[in-house]
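The sequence and the coordinates are displayed first, and the description follows.

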Amino acid sequence: MPHTDEDIRKMLDKIGVETIDDLYSDVPSEVIFKGEYDIPSSMSEIELRKHFEDLGKKNQSLVIFAGGGVYDHYAPSVVNHLLQRSEFYTAYTPYQPEISQGTLQYIFEYQSMISELTGLESTNASMYDGATAAAEVMFMMVASSKKRNKVLISSTISERVLNVVMTYAKFHGVDVTVLPEKDGVTDIESMEAALKEGDVAGVLLPTPNKYGIIEDYSGVAEKIHGAKGYFGIYADPSTLAVLRTPAEWGADVACGDGQTLGMPLTFGGPYLGFISCAKSMLRKMPGRVVGVTKDADGKRAFVLTLQAREQHIRREKATSNICSNQSLMALYATIYLSLLGKKGLEEVNILSCDGAHYLYKLLMDSGKFTAVFDKPFLKEFVVNTSLDMEAVNAKLLKHGIQGGIILEDGKVEFAVTEKRTKEEIEKLVKLMVEE
Amino acid sequence: MKTYDKLIFELSRPGRKGYSLPEDNYNTNGFDSIPKDLLRKDEASLPEVGELEVVRHYTNLSNKNFGVDTGFYPLGSCTMKYNPKINEELSSLPSFTTLHPLQDESTVQGALELYWNLQNMLSNLAGLAEFTLNPYAGAHGELTGLMVMRQYHISRGDHKRKKVIVPDTAHGTNPASAMVAGLEVVEVKSKPNGSIDVEDLKPLLDDTVAGIMMTNPNTVGMFETEILEIADLVHRAGGLLYYDGANLNPLLGKVRPGDMGFDIMHINLHKTFSTPHGGGGPGSGPVGVASHLVNFLPNPKVVKNEDGTFSITNGEESLGNISTFMGNFGVMMKAYAYILTLGKENIKKVGPLATLNANYIKESLKDDYLLPIEGVCKHEFVFDGLKDKSTGVTTLNIAKRLLDYGFHAPTIYFPLLFHESMMIEPTETESKETLDDFIEVMHKVAKEAKENPDDVKNAPLTTIVRKLDETTAAKNPILSYKALKEAVK
Amino acid sequence: MSKILDDLRYADSHEWVKLEGDIATIGITDYAQHALGNIVYVDMPEVGDEVTQGEDFGAVESVKAASDLISPVSGEVVEINEALEDEPELVNQDAFANWIMKVKVSDPSEIESLLDAAAYAKICEE
């Protein structure tokens with residue numbers, strides 16, 4: 001706060017009051033806070049840095065074999081450097097397009113790239129995270145179907161995503177049916193039965209699913225569309241560089257969490273959620289959207305468009321209350337995808353996949369782990385073990401390793417990314433199986 | 001480089017690359033074992049570009065942007081204060097950024113301590129019992145807060161309370177959030193001065209009212225002086241008071257929402273607590289509640305154990321989860337650094353200096369611009385366009401002309417109370433010199449409107465692009481490079 | 001001054017109706033198109049949908065505004081004006097010629113509750 005005493009005096013004179021307190025003369029005196037705040041005294045930069053470093057020492061950076069929807073991928077150094085350009089991060093929402101072409105263009109590039117990955121033509125400027133994007137997709141399905149209010153969701157979708165969707169559904173009043181699983185994949189027969197009962201606005205299925213399995217959705221789109229429902233896929237966008245896309249499965253809409261596009265883990269956020277959809281659902285898609293246009297001189301330019309769908313115009317008639325997006329994280333994803341490009345993202349997937357299969361093989365060979373599902377997986381998988389995994393994971397921590405995520409009934413889930421090395425994987429297995 | 005106009009896709013050449021990866025030495029047929037039916041048929045047409053091209057491309061794009069670091073940003077209701085650089089640096093410390101949200105609790109104690117400290121500081125600054133930091137943004141906070149409101153009534157078996165009262169001047173997110181939370185919106189009218197009409201409110205307060213959403217100061221920047229009476233009326237009717245924290249800045253250090261009778265509120269960390277807006281996000285929208293509502297806050301929560309360690313828990317009466325993990329942690333780190341830098345002494349100056357700056361601009365410009373509501377404003381105020389209505393120059397014209405002079409435009413055509421609304425919020429981080437420069441330019445534009453109205457009407461004249469054809473963009477939306485290529489064909 | 005046709009009935013939410021037999025042709029008024037500005041999208045119902053007097057059946061969007069369409073009559077949608085899908089601006093060009101939907105009305109007497117041209121003109125003046 002740059003005000004000198006002299007500035008303050010001159011400004012008060014202009015306003016015509018004696019003291020700054022006079023600017024609060026309209027506030028009932030009983031609500032003026034007269035006490036002292038229970039927060040520390042002002043810190044200098046030196047003290048502040050020390051405080052953060054001290055807090056940081058109470059954390060431990062680990063070699064990570066946990067996934068659960070969040071993966072320790074690598075982003076080239078360039079991404080962070082460019083993200084620190086304050087013309088990007090100190091800007092507001094690009095409501096004044098003439099001086100926001102930087103933001104608008106990268107959002108357009110982001111939309112284009114996510115659409116390339118999902119195969120679906122329209123992508124919004126991003127949502128808060130994958131789980132809230134899934135909840136919004138549920139609303140899109142209900143709004144697009146007009147009179148239907150039931151949404152089917154596979155129990156093979158991440159539990160954390162499902163929890164959020166259920167909260168939104170409970171309050172908004174959407175009837176969600178969780179489809180059971182069979183051998184680690186969605187029970188398609190139960191989906192068909194639920195579709196027959198009617199009133200289904202849409203179905204949301206994951207790829208890869210919460211066990212890391214790549215589910216086979218052959219024929220699923222026909223079944224859902226036959227019942228006049230919308231087909232949604234919750235996808236890990238990184239894997240869509242190699243896996244069959246939501247569009248190729250016949251989906252109308254896709255959503256998921258952009259963390260897998262190299263974003264730092266940062267204890268759960270900020271990441272981003274994405275939504276892509278076919279033209280049939282575009283007008284019900286929430287959030288900001290950037291389109292191409294021309295300026296008064298005929299020059300190509302970018303602008304927020306389809307704004308009449310949004311809360312600041314539609315108020316209680318809008319499909320969603322979302323106002324912002326995770327713009328800077330969309331920039332992150334855009335720069336990451338520019339650098340990795342067509343081949344790089346494929347290589348990331350192949351390297352992660354081969355590493356995961358290498359770990360899987362070592363675990364099977366050790367005799368301490370057994371297979372749970374015999375299904376194709378990419379970078380994450382579930383195994384059974386007779387080991388006391390709580391004790392094993394505690395031991396791993398001492399060696400700076402975060403082991404797999406412990407599931408129910410002696411199951412454990414491991415994830416491997418391109419950041420893990422053969423040596424790290426071998427060390428993990430050795431530490432786990434040695435007596 | 002203002003003429004740069006390429007898309008990253010237009011720089012792409014087959015075979016170029018901007019990355020390096022380790023060699024695949026696993027000798028497994030892992031990827032090859034995946035059935036071909038499960039793989040995509042065509043490659044995604046992502047760009048193929050080199051590192052230097054990527055660096056130049058995005059550096060050039062950044063030059064086409066205006067941020068708080070570029071210049072004065074008097075955008076009403078958005079609280080565009082300076083974002084201290086140390087906060088950016090501290091929030092990127094690897095000892096925090098490398099933490100996986102599911103890694104063992106014993107290895108994230110520093111992160112949990114920060115979360116705990118920040119939630120307590122916010123509770124103290126707001127005069128409320130407890131905060132959750134999980135909501136991702138202001139609108140997400142509103143939604144979470146309204147879910148708390150409903151959960152409270154439901155927990156008492158009071159299922160008929162589904163009506164939420166929202167002033168007609170409210171931010172658009174208020175009614176939209178209520179809709180998403182499954183509540184019905186009822187509007188309460190404002191008086192000509194923008195404050196809630198208590199007489200219009202009274203008949204609305206029956207036993208179906210879940211609560212009221214307010215912001216104070218309201219969206220015209222005036223303090224709701226009858227707030228204590230309103231709080232009393234709503235509480236006596238069995239409803240709760242929700243405080244939209246979008247306008248918290250003028251009260252920071254001066255008035256606590258809890259002391260005004262509010263039961264639930266959200267704070268926009270990206271406004272009041274100086275975390276950058278990031279071109280539209282990520283933000284953070286912590287929600288605070290009074291003591292009788294603490295159990296309904298979303299899961300998960302951070303608790304402090306008797307031995308001084310911290311744990312993540314789930315409450316049984318909680319409304320449920322509203323985020324995958326615990327919100328935008330990286331944003332919280334910046335807000336935490338901001339509070340510690342100010343400390344308990346300087347934080348008391350935030351609201352008062354923001355209010356001083358707003359009143360100074362208002363008093364300096366009210367000869368040229370129409371001030372529909374007289375009196376002391378708080379952190380922002382609204383002009384209803386130029387005082388001289390004969391020029392035909394609109395608020396939109398003035399906003400665009402300001403861009404030519406190197407300022408960001410104010411918020412325009414909000415609130416809806418006036419036809420030519422122009423909402424100006426300078427924030428406390430701007431110096432008198434900056435305000436004086438802005439005032440001078442605003443006078444100049446007012447003069448131009450009389451003498452050369454066409455210059456103002458055709459503005460902006462000097463920006464990288466000029467007035468855009470938004471109608472065509474909305475009529476035939478082209479939302480991707482692929483669609484653009486097809487449209488050109 | 002916007003155009004108002006004498007032989008039509010009007011809703012105070014700015015839709016017009018022309019009843020011929022049991023088929024009602026419905027659109028928005030010249031006043032409404034003028035207030036909205038450049039129309040970029042008309043959200044129309046589907047043929048076969050049931051509409052109810054006083055309830056939404058779609059929306060009209062301009063760049064910075066949106067307005068719900070309120071059905072002035074009840075019945076079944078028998079036809080929609082498909083030309084508006086590609087050229088929503090037709091409504092701006094002539095709001096009365098470019099109708100939005102045709103409804104087979106279930107209760108022709110509902111039309112009596114609507115405004116005549118003179119009463120609607122008064123609303124527009126206010």
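Gly253(B) is buried, with 23 other C-beta atoms within 10 Å; a residue counts as buried if 20 or more other C-beta atoms lie within 10 Å of its own, as exposed if 12 or fewer do, and as partly exposed in between, the C-beta atoms being placed from the backbone. The structure is a predicted model, in which local features need pLDDT of at least 70 and side-chain atom pairs count only at pLDDT 80 or more, while totals for chains, interfaces and linings use all residues. Residues are numbered from 1 along each chain as its sequence is written, and chains are lettered from A and ligands numbered from 1 in the order in which they are written.

**Surroundings of Gly253(B)**

Gly253(B) belongs to the loop between β5 (240-244) and β6 (264-266) of chain B. Helices (H or I, at least four residues) and strands (E, at least two) are DSSP runs, numbered from the N terminus. Leaving out residues up to four places away in sequence, Gly253(B) touches Ile347(B), Lys348(B), Lys349(B), Val350(B), Gly351(B) and Pro352(B); contact requires C-beta atoms, placed from the backbone, to lie within 7 Å. Between the C-alpha atoms of Gly253(B) and Ala483(B), which are 230 residues apart along the chain, the separation is 51 Å.

**Chain B as a whole**

Chain B contains 14 helices and twelve strands. Of its 489 residues, 58% are buried. The C-alpha atoms of chain B occupy a box of roughly 75 × 70 × 45 Å along the principal axes. Among the contacts in chain B with a separation of 6 or more, 72% join residues 24 or more positions apart.

Helix α6 (residues 173-180) of chain B is largely enclosed by the rest of the structure, because eight of its eight residues are buried. Among them are Thr173(B), Asn174(B) and Pro175(B). After α6(B) comes Gly182(B), which has a positive phi near 80 degrees.

**Core and chain interface**

The largest nonpolar core has 332 residues, and those with the most contacts inside it are Ala134(A), Met138(A), Val165(A), Val253(A) and Val148(B). Such a core is a set of buried Ala, Val, Leu, Ile, Met, Phe, Trp, Tyr and Cys residues joined through C-beta atoms within 7 Å. Helix α11 (residues 327-366) of chain A gives the most to this core, with 21 residues. Beyond its neighbours within four places in sequence, Val148(B) has contacts that include Ile264(B), Val287(B) and Phe296(B).

Where the two chains meet, 169 residues of chain B are in contact with 165 residues of chain A. Helix α9 (residues 329-365) of chain B gives the most to the side of chain B that touches chain A, with 22 residues.

**Domains of chain A**

Chain A is divided into domain 1 (5-46), domain 2 (63-73 + 341-433) and domain 3 (77-336), with bounds from an automatic or database domain assignment. The C-alpha centres of domain 2 and domain 3 of chain A are 28 Å apart. Their contact takes 19 residues from domain 2 of chain A and 20 residues from domain 3 of chain A. On the domain 2 side of this contact, α11(A) gives the most, with four residues.

**A sheet in chain A**

An open sheet of four strands in chain A has the order β13-β14-β17-β16 and antiparallel pairing; two strands pair if DSSP finds at least two bridges between them. β13 (369-371) and β16 (405-406) of chain A stand at the edges with a single partner strand each, so one side of each has no neighbour in the sheet. The table lists two antiparallel pairings of strand β14 (residues 380-385) of chain A.

| Strand pair | Bridges |
|---|---|
| β13(A) and β14(A) | three bridges |
| β14(A) and β17(A) | five bridges |

Phe369(A) has Thr385(A) of β14(A) as its bridge partner, and Thr370(A) has Asn384(A). Phe381(A) stands opposite Phe414(A) in β17(A). Five of the six residues of β14(A) are buried, so this strand is largely enclosed by the rest of the structure.
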